[in-house]
Amino acid sequence: MSERTPTPIDHIAEAWVDTLVAHEPTIGTMIGRNEANGKLADLSPAGAEAHAADARATLAELSAAVPIDAVDAVTQADLGAELRLSLAEHEASEHLRNLNVIASPVQDIRDSFDLMPLEGADDWEAVAERLRAVPAALSGHRES
């Protein structure tokens, strides 16, 4: 089987993964993107708006792209649906009322520590870095 040449839609989807990890580092931890391990999301309204703005921009770029093949068509449809759902939830202010003990942003912070590697000194430094990020994640005040 020959390797598929990445298309513009593939590049949009890959760029969205990078953007998603930047906005939600705990997802990066879940998918093995270790560069995200010392970070946490900005859970403030401003952080949510920045995430939504990037979702809108990605959706516009994705919608304008022309699928090359069936893989592109599926990627465009699936990612487009995910982005539209995310934006609908944002517009309905779901992010402002998501607090429970099983699945909420605060619980995601707590769970993210369980997913982090703990084998060496660098791993523990990432844990400490993420711990230092908790106050800013909850308040929206980032240090420069």
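Visitor: What makes the crossing of H1 and H4 left-handed?

Guide: In this predicted model, H1 passes H4 in a left-handed crossing. The term applies because the near helix is turned anticlockwise from the far one by less than a right angle. The axes of H1 (residues 8-23) and H4 (residues 70-91) cross at roughly 35° and come within 10 Å.

Visitor: Which residues of H1 and H4 meet?

Guide: From H1, Ile9, Asp10, Ala13 and Trp16 meet Asp72, Thr75, Gln76, Leu79 and Leu83 of H4. By type, the residues of this contact are five nonpolar, two polar and two charged.

Visitor: What makes the largest nonpolar core a core, and which residues have the most contacts inside it?

Guide: A set of residues is called a nonpolar core because its members are buried and joined through side-chain atoms within 4.5 Å. The largest such core has 13 residues, and Trp16, Ala55, Leu62, Leu79, Leu83 and Leu87 have the most contacts inside it. Two or more residues come from each of H1, H3 (45-64) and H4, and H1 gives the most, with five. Leaving aside neighbours within four places in sequence, Ala55 is in contact with Trp16, Leu83 and Leu87. A second, separate core has eight residues, including Leu40, Phe113, Met116 and Ala137.

Visitor: Why are the buried residues of H5 said to line one face of the helix?

Guide: Ile109, Ser112 and Phe113 in H5 (residues 105-115) are buried, that is, under 20% relative accessible area. Seen down the axis of H5, the buried residues fall within an arc of 100°, so they line one face. These residues pack against H2 (25-30) and H6 (121-139).

Notes:
Residues numbered from 1 in each chain as written. Predicted model: local features only at pLDDT ≥ 70, side-chain atom pairs only at ≥ 80, totals over all residues. Heavy atoms only, no water. Axes fitted to C-alpha atoms, helices over the stretch in contact; angles between N-to-C directions. Helix = DSSP H or I, 4+ residues; strand = E, 2+ residues; numbered from the N terminus. Contact = heavy atoms within 4.5 Å. Nonpolar A, V, L, I, M, F, W, Y, C, P; charged D, E, K, R; others polar. Buried < 20%, exposed > 50% of the residue type's maximum accessible area, 1.4 Å probe, protein only. Arc of directions from axis to C-beta.
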